Amino acid sequence: MEKKMGEAVARVARKVNETVENKADSLDLADCKLMNFPIALYKVLRHVTEGIHLITLANNELKSVTSRFISTFSQLRELNLEGNYIHRLPEEIQTLLHLRVINLSRNKFRHFPEQLTSLQALETINLEENEIVDVPVEKLALMESLQSVNLMSNPLNEEVRVIARPLIKFNLLMSPAIPQV
């Protein structure tokens with residue numbers, strides 16, 4: 001167990017160093033067993049945060065994203081949080097004015113994160129394999145840049161299925177309805 005934790009810490013350090021040294025526009029901390037975004041990284045990355053446009057924190061053990069994380073990485077264009085335990089987003093997510101893609105698949109969302117509907121640059125929302133029943137279809141329909149919303153493998157209510165099709169102009173992916181017996 002300690003050896004695996006040591007390997008995860010070393011992987012995080014290596015990936016962060018690559019980002020800082022190369023002034024890279026991405027930070028990939030997928031599969032690092034992170035339970036939260038390490039506070040020490042804010043200081044280490046402080047000189048390059050404005051240039052980071054893509055962050056991948058997929059397949060970790062995150063339960064939340066903090067407002068500090070959002071405000072620190074304010075220039076994000078793509079955020080991949082797939083495969084965690086996140087069930088809500090902070091209100092500050094609305095400040096990510098350049099965010100085009102967000103992947104929240106395989107998390108614990110029971111409610112569609114409505115803060116996303118205020119992000120005018122957002123093109124792709126992936127919420128596959130969550131526990132979402134209701135979706136703010138009317139608000140999504142007003143998002144001019146939106147091209148795709150993936151809601152596959154969510155227990156969507158019938159109302160969403162009925163009203164979504166005529167209202168939306170983007171690609172909406174839903175699992176087939178399960179017939180009532």
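This briefing describes the fold, the surface and one annotated span of a protein chain. The model is a predicted one, in which local features need pLDDT of at least 70 and side-chain atom pairs count only at pLDDT 80 or more, while totals for chains, interfaces and linings use all residues. Residues are numbered from 1 along each chain as its sequence is written, and side-chain values use heavy atoms, with hydrogens and water left out.

**Fold and overall shape**
- The protein chain holds five helices and seven strands, where helices (H or I, at least four residues) and strands (E, at least two) are DSSP runs numbered from the N terminus.
- In sequence order, these elements give the pattern α-β-α-β-α-β-β-β-α-β-α-β.
- The radius of gyration, taken over C-alpha atoms, is 17 Å, close to the 16 Å that the globule rule (2.2 Å times the number of residues to the power 0.38) gives for 181 residues, so the protein chain is as compact as a globular protein of that length.
- The C-alpha trace spans about 55 × 35 × 20 Å along its principal axes.

**Burial and contacts**
- Of the 181 residues, 44% are buried, meaning under 20% relative accessible area with a 1.4 Å probe, protein chains only.
- Among contacts (heavy atoms within 4.5 Å) between residues at least 6 apart in sequence, 45% join residues at least 24 apart.

**Annotated span**
- UniProt, in an unreviewed entry, lists residues 57–155 as "domain: Disease resistance R13L4/SHOC-2-like LRR", and such annotations may be inferred rather than shown by experiment.
- Residues 57–155 are 11% helix and 13% strand, and the end C-alpha atoms of this span lie 25 Å apart.

Key. Buried < 20%, exposed > 50% of the residue type's maximum accessible area, 1.4 Å probe, protein only.
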